[in-house]
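Trainee: I have a model open and would like to understand the terms used to describe it. Could you take me through them?
Mentor: Gladly; ask me what lies behind each word as we go.

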Amino acid sequence: MPQTSTEPFAPLGRMSEVGFNILVALANAPKHGYEMLLAIEQQTGSQPGPGTLYAAIAALEERRWIEPIATDDPRRPYQITPDGQRVLRVQLAAQSAEVRFASSTLADA
Amino acid sequence: MTSTKGSSRARSAAIRLLGWYPRPWKRRYLVEMRALLEQMPVRWRQVANLAVMAVREWCSPRALGWPARSAAGRVQVVRAVTYFTIAFALDGIARVIAWKIRAEGITIIDSVSTTAAMLLLAVAIRTFAAQLQYERHKKKYPKVLESQRRGLIGGWEIVLWACLLFPYLVVRHAEPIPAYLSRSMVQIRPFIDVLQVFVWTNVTLRASAQTKRLARVQRSVNLRNLGYRRTPPFTD
């Protein structure tokens, strides 16, 4: 039985999906809010609202999964932390296991 | 750079809505969110999202300067809800007693209502004085333990407050509505009563030594559990 894919993000509640998308968006480079929105749109086909985005950013920042980069620009960029990378890896591994399990179930049908 | 897509009215409404967020949130994210709204195309859907999330933030412990996942932060919210429930219950019981007094034709003489009001005023002065004294001590001796501070309201005083407030409520509900009050004032009077009880319950219990000590312990345990070595992001 695969590990449930929402386990590391479960404490984020409604923010879990957007939180995951933000971590994926920040995985390759730091981004500010609007760049995150565009990256999430590219991932999922839709943009979260600005309020939802910043609620998820706040939740991730509280957990030290992302951190702001000091800058004078009001569009403050964020980067993923080592903790965030670890959580993202765990999440992706769990999702891959789910996909494999679902594929094998479909093949058996 | 400002995006030309979306509605300019929606954008200005969205930026105005940022003012609805709690203060700790605004201190931390207002500049960034404003920059985002100035850059992205804003439609009314985004405005609605901001409004909903502002309400959500007010319901979160973050509105009180606590991390959202902290049990201590939730305690603050639960405490506020509890105070309101107590206030509502006290007011309800006082209304029932007042209704029975009126049904039996007993009239409240002026001296009784004046005495009740004066007793309440005494409690009010004591509570505010305690709170002021506490704030002054906190500023003067920031490292003194909460339990060593003077001027805080003790448990017996809270019981005394409850004993004084309840007759005041009964008298207030039992006495006839003054003729000088306008019709709209008469309609909102019950809400003012409940609000008044809530405010006094909250202020008095918050000024108590036990509450202050408990809040301090909760905060230190919470910060240690979260592993904060410096100021957390939502400290007000």
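**Helix packing, burial and the chain contact**

Mentor: Let's start with a helix pair: the axes of helix H1 (residues 16-26) of chain A and H3(A) come within 9 Å and cross at roughly 75 degrees. Axes here are lines fitted to C-alpha atoms, for helices over the stretch in contact, with angles from 0 to 180 degrees between N-to-C directions. Helices and strands are DSSP runs (H or I, at least four residues, for helices; E, at least two, for strands), numbered from the N terminus. This is a predicted model, where local features need pLDDT of at least 70, side-chain atom pairs count only at pLDDT 80 or more, and totals for chains, interfaces and linings use all residues. Residues are numbered from 1 along each chain as its sequence is written, while chains are lettered from A and ligands numbered from 1 in the order in which they are written.

Trainee: Why are H1(A) and H3(A) called roughly perpendicular?

Mentor: Angles under 35 degrees count as roughly parallel, over 145 as roughly antiparallel, 65 to 115 as roughly perpendicular and the rest as oblique. The axes cross at roughly 75 degrees, and H1(A) and H3(A) are therefore roughly perpendicular to each other.

Trainee: Which residues of H1(A) and H3(A) meet?

Mentor: From H1(A), A:Val18, A:Gly19 and A:Ile22 meet A:Thr52, A:Leu53, A:Ala56, A:Ile57, A:Ala59 and A:Leu60 of H3(A). Two residues are in contact if their C-beta atoms, placed from the backbone, lie within 7 Å. The residues of this contact divide into seven nonpolar, two polar and no charged. In that scheme Ala, Val, Leu, Ile, Met, Phe, Trp, Tyr, Cys and Pro are nonpolar, Asp, Glu, Lys and Arg charged, and the others, Gly among them, polar.

Trainee: What makes H1(A) largely enclosed by the rest of the structure?

Mentor: A residue is buried if 20 or more other C-beta atoms lie within 10 Å of its own, exposed if 12 or fewer, and partly exposed in between, with C-beta atoms placed from the backbone. Eight of the 11 residues of H1(A) are buried, so this helix is largely enclosed. Among them are A:Phe20, A:Asn21 and A:Leu23. The buried residues of H1(A) pack against H2, H3, strand S1 (66-68), S2 and H4 of chain A.

Trainee: Is A:Leu37 buried or exposed, and how do you know?

Mentor: A:Leu37 has 22 other C-beta atoms within 10 Å. The cut-off for buried is 20 or more, so A:Leu37 is buried. A:Leu37 lies in helix H2 of chain A, and beyond its neighbours within four places in sequence, A:Leu37 is in contact with A:Gln47, A:Leu53 and B:Met40.

Trainee: What makes a set of residues a nonpolar core?

Mentor: The residues must be buried Ala, Val, Leu, Ile, Met, Phe, Trp, Tyr and Cys, joined through C-beta atoms within 7 Å. The largest such core has 39 residues, and A:Ile22, A:Leu23, A:Ala56 and A:Ile57 have the most contacts inside it. H3(A) gives the largest share of this core, eight residues. Leaving aside neighbours within four places in sequence, A:Ile22 is in contact with A:Met36, A:Ala56, A:Ile57, A:Leu60 and A:Ile66.

Trainee: How many residues does each chain give to the contact?

Mentor: Chain A gives 17 residues and chain B gives 21 residues. On the side of chain A, H3(A) gives the most, with nine residues. That side has nine nonpolar, four polar and four charged residues.

Trainee: How do the chains compare in helices, strands and burial?

Mentor: Chain A has four helices and two strands, and buried residues make up 40% of its 109 residues. Chain B has eight helices and zero strands, with buried residues making up 25% of its 236 residues.

Trainee: What is the average pLDDT of chain A?

Mentor: pLDDT is the predictor's confidence in each residue, from 0 to 100. Chain A averages 84, and 86% of the residues score at least 70. Over residues 1-6 of chain A the pLDDT is below 50.
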